Amino acid sequence: MREGAAKIRVRGLSKSFGPKVVLAGLDLDVAVGESVVVIGGSGTGKSVMLKCILGLLEPEAGSVQIDGEEVLGLPAAERERVNRKIGMLFQGSALFDSLKVWENVAFSLLQVSRMDRSAGKARALDTLARVGLGPEVGELWPAELSGGMQKRVALARAIASDPEIIFFDEPTTGLDPIMADVINEMIVKSVRTLGATTLSITHDLASARKIADRIAMLHQGRIIWSGPAREIDRSDNPYVDQFIHGRAEGPIKMEVRR
Amino acid sequence: MQWFLASIGRTFLTFIAATGRLSLFAALGVSHCARPPYYPRQILRQMVDIGYFSLPVVGLTAIFTGMVLALQSYTGFARFQAQGAVATVVVLSMTRELGPVLAGLMVAGRIGASMAAEIGTMRVTDQIDALVTLSTNPFKYLVTPRLLAGTLMLPLLVVVADIIGVFGGYVVGVYKLGFNPAVYLDNTFEHLERIDVISGLTKAAVFGFLVSLLGCYHGYYSRGGAQGVGTATTNAVVSASILILSFNYVITELFFAK
Ligand SMILES: Nc1ncnc2c1ncn2[C@@H]1O[C@H](COP(=O)(O)OP(=O)(O)OP(=O)(O)O)[C@@H](O)[C@H]1O
Ligand SMILES: [Mg+2]
């Protein structure tokens with residue numbers, strides 16, 4: 001990959017909680033317009049990695065560049081400007097339950113771009129239609145939605161302001177296979193139409209194959225393998241092999257105490 | 001013995017650290033009052049919640065307090081033939097002490113608890129992180145409107161409480177204790193000075209600020225799921241109540257100690 005073309009460039013990212021080392025010098029590049037999926041076991045620090053890149057957690061060491069600009073340690077106001085380029089779909093959707101669905105989707109249009117409410121609502125209903133939800137859903141409260149609908153609303157909120165970069169944290173976990181595939185389709189479709197750069201996390205391989213240009217595997221705080229999505233079955237990496245075949249035996253030792 | 005001293009020292013250090021964090025939190029919340037953007041909808045929602053929806057609770061508290069004050073002071077003062085002071089005692093106790101303190105405690109139970117629960121839930125379900133990724137400062141969006149609304153609305157509530165409390169005393173005085181209505185009202189206003197009302201309203205503003213501050217503080221730093229939110233709610237109410245009672249003494253001292 002060419003140096004200058006990296007949209008997101010992570011170097012030596014390290015993060016521990018007390019004595020527990022979660023990230024140990026992680027390097028990752030995401031090129032402009034590329035869709036990278038990070039796979040890895042539960043608790044290996046995938047969510048922590050995203051939160052460090054987003055500035056929600058403060059890493060001990062390392063550098064994160066977005067569009068060539070160092071973003072670690074930026075003051076809050078500067079950070080807000082950078083975050084305007086980014087949309088994020090949280091693992092648990094994280095919809096604001098004191099706001100109606102359409103206000104959730106239009107949140108950054110109303111609060112950050114200061115669009116007037118009727119225009120914001122029209123845009124929100126448009127975006128909801130893009131993820132396959134009718135205008136009547138817009139008037140509901142988040143608590144009135146099923147898990148799959150919440151994910152779709154969260155997806156709509158993440159793409160509503162046409163971000164250049166979108167992060168997806170386990171967009172399909174906990175959904176039935178059909179709904180999972182619907183979400184995958186939507187991600188692929190919304191990314192194509194937006195031309196956005198995306199970084200996703202999943203342990204659902206079907207989902208990874210569908211949305212990824214490139215797959216990277218996180219293990220013990222580092223990226224131990226990365227390559228084009230279609231090469232994942234021929235990686236010749238014992239860790240990757242064990243993961244994609246879901247075998248209990250292999251170089252990855254799950255810490256199971258009896 | 002050594003163990004005992006060490007534990008006192010540790011408690012003291014924890015206390016200092018907590019005080020420091022709370023002061024920092026308060027300073028940050030207040031500093032955002034002076035910096036745009038503002039969220040008028042949020043402020044309005046909080047004002048209605050604190051001011052309007054607390055009216056029944058505060059009104060009931062005030063009317064019974066006024067009534068019992070009249071009854072108690074009458075039976076007490078009858079022992080040395082000073083029944084004429086009943087109206088004065090009722091109005092001074094209400095405006096200087098009981099109006100602000102009781103309204104403050106009731107609002108701590110109602111509003112402080114709900115703020116801690118709402119913000120705490122937002123914390124543990126990643127909604128606060130979601131605000132950051134939507135380029136919205138969570139402090140400005142969540143904390144500052146609540147601080148403003150608490151500080152502005154509690155004095156208004158206390159004005160209402162004072163009036164209702166005096167009315168309660170009047171009802172008991174006139175219909176049960178046989179005072180002449182005109183004389184009772186005359187006595188009420190004869191000895192009432194401006195400083196009595198002003199000190200009471202100052203207390204109310206401080207208490208309103210404290211209730212919002214502790215509700216937000218405990219919610220903002222809550223962790224660990226539903227149980228953590230429960231703890232945060234309890235802590236918000238208990239600490240706000242204790243601070244209200246101690247600040248009540250301090251403010252009284254500032255106003256009336258000669
Ligand atoms: N705020 C925190 N405080 C302490 N430890 C944390 C915190 N957040 C995460 N961890 C620890 O960091 C490790 C990685 O957590 P993370 O949520 O990133 O896992 P993950 O790879 O996203 O797993 P999953 O696939 O199950 O979501 C876990 O062992 C967790 O205990
Ligand atoms: Mg995770």
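Mentor: A cavity is a set of points on a 1 Å grid over the protein atoms alone where a 1.4 Å probe fits but cannot get out, and lining residues have an atom within 4 Å of a point. Here the lining of the largest cavity consists of A:Phe96, A:Ser98, A:Leu99, B:Gln42, B:Arg45, B:Glu118, B:Met122, B:Tyr141, B:Leu142 and B:Arg146. Helix H2 (40-52), helix H4 (86-124) and helix H6 (138-175) of chain B each give two or more of these residues; helices are DSSP runs (H or I, at least four residues), and strands are too (E, at least two), numbered from the N terminus.

Mentor: Keep in mind that this is a predicted model: local features need pLDDT of at least 70, side-chain atom pairs count only at pLDDT 80 or more, and totals for chains, interfaces and linings use all residues. Residues are numbered from 1 along each chain as its sequence is written, chains are lettered from A and ligands numbered from 1 in the order in which they are written, and side-chain values use heavy atoms, with hydrogens and water left out.

Trainee: Which helix gives the most to the lining of the largest cavity?

Mentor: H6(B), with three residues.

Trainee: And what coordinates the magnesium ion (ligand 2)?

Mentor: Donors are N, O and S atoms within 2.8 Å of the metal (3.2 Å for Na, K and Ca); water is not among the atoms, so sites may look incomplete. In this case A:Ser47 (OG) and A:Gln91 (OE1) coordinate the ion at 1.9 to 2.5 Å. A:Ser47 lies in helix H1 (residues 46-54) of chain A and A:Gln91 in the loop between strand E6 (86-89) and helix H3 (101-105), 44 residues apart.

Technical notes. 1 Å grid on protein atoms, 1.4 Å probe; cavity = no way out; pocket = protein on both sides within 12 Å on 5 of 7 lines; lining within 4 Å.
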